[in-house]
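User: Please take me through the features of this structure and show me how to read each one.

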Amino acid sequence: MVHAMTAEERPAWAARLQAEREARGWNKAEMARRLRRARGHPRGPTASLVRQILDWEKGKNLPRDWRQAYATAFELDDQDPKTNHRIEVVFTDGADDSAEP
């Protein structure tokens with residue numbers, strides 16, 4: 001039997017991804033569109049990416065390959081010390097960054 005993660009068990013980085021998205025008033029479909037655009041693929045289906053965003057925000061796995069796209073979509077510059085800290089905080093919680101057992 002698979003144990004569903006509760007909100008209290010969800011990694012801090014997953015809650016931060018959701019909070020950053022919601023602070024901008026974006027739903028998951030809008031986040032998917034912005035991530036695709038940030039990766040240079042502004043057109044195309046987003047349903048699969050929306051499902052991934054849902055899993056990421058649940059803390060199922062860390063979207064390492066999407067870090068730069070999130071930084072771009074959230075307008076956080078990895079090279080700017082002022083905003084780099086914000087993107088680092090979004091993607092880490094000071095512990096192991098995977099939800100894998």
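**Reading the model, feature by feature**

Analyst: The term asks for a side-chain nitrogen of Lys or Arg within 4 Å of a carboxyl oxygen of Asp or Glu. Before we go on, a word on ground rules: this is a predicted model, where local features need pLDDT of at least 70, side-chain atom pairs count only at pLDDT 80 or more, and totals for chains, interfaces and linings use all residues. Residues are numbered from 1 along each chain as its sequence is written, and side-chain values use heavy atoms, leaving out hydrogens and water.

User: What separates R33 and E30 in helix 2?

Analyst: They are separated by about one helical turn, because they sit three residues apart in helix 2. Helices here are DSSP runs of H or I with at least four residues, strands are runs of E with at least two, and both are numbered from the N terminus. For exposure, buried means under 20% relative accessible area, exposed means over 50%, and partly exposed is in between (1.4 Å probe, protein chains only). By that scale R33 is partly exposed at 35%, while E30 is buried at 17%.

User: How many salt bridges does a search of the whole structure find?

Analyst: The general idea is that side chains of opposite charge can pair when their charged atoms come close. Here the search finds six. One of them joins R24 to E20, with the closest N and O atoms 2.7 Å apart; R24 is partly exposed at 27% and E20 is buried at 15%. Another joins K60 to D55, at 3.5 Å between the closest N and O atoms. K60 is partly exposed at 43%, and D55 is partly exposed at 28%. Shared partners also join R21, E22 and E57 into one salt-bridge network.

User: Where is E57 placed, and is E57 buried or exposed?

Analyst: E57 belongs to helix 3 (residues 47-58) and is buried, with a relative accessible area of 3%. Not counting residues up to four places away in sequence, E57 touches R10, A14, L17, Q18, R21 and K28; a contact means heavy atoms within 4.5 Å. W13 is 44 residues from E57 in sequence, yet the two C-alpha atoms are 8.2 Å apart.

User: Now show me how to read the aromatic rings.

Analyst: A pair of aromatic rings is described by the distance of the centres and the angle of the planes. The rule takes rings of Phe, Tyr and Trp (its six-membered ring) with centres within 6.5 Å; planes under 30 degrees apart count as stacked, over 60 as edge-to-face and the rest as tilted. By this rule there are four aromatic pairs. W26 and F74 are stacked, at 6.0 Å centre to centre and 20° between the planes. That pair links distant parts of the chain, 48 residues apart: W26 is in the loop between helix 1 (12-23) and helix 2 (28-38), and F74 is in the loop between helix 4 (67-73) and helix 5 (81-91). W26 and F74 are both buried. F74 also pairs with Y70, this time tilted, at 5.4 Å and 50°. Y70 is buried at 0% relative accessible area. Ring pairs link W26, W56, W66, Y70 and F74 into a cluster.

User: Which residue lies over the face of W26?

Analyst: A charge sits over a ring if NZ of Lys or CZ of Arg is within 6 Å of the ring centre and within 35 degrees of the ring normal. For W26 it is R24, at 5.8 Å from the ring centre. Likewise, R39 lies over the face of W66, at 3.9 Å.

User: Which residues touch the most other members of the largest nonpolar core?

Analyst: Such a core is a set of buried Ala, Val, Leu, Ile, Met, Phe, Trp, Tyr and Cys residues joined through side-chain atoms within 4.5 Å. The largest has 17 residues, and M31, L35, I53, W56 and Y70 touch the most other members. Helix 1, helix 2, helix 3 and helix 4 each supply at least two residues of this core. Overall, the chain has five helices and zero strands, and buried residues make up 32% of its 101 residues.

User: What pLDDT does the chain average?

Analyst: pLDDT is the predictor's confidence in each residue, from 0 to 100. The chain averages 81, and 67% of the residues score at least 70. Over residues 94-101 the pLDDT is below 50, and this stretch has nine contacts in the model beyond near neighbours in sequence. Where pLDDT is low, the predicted coordinates should not be read in detail.
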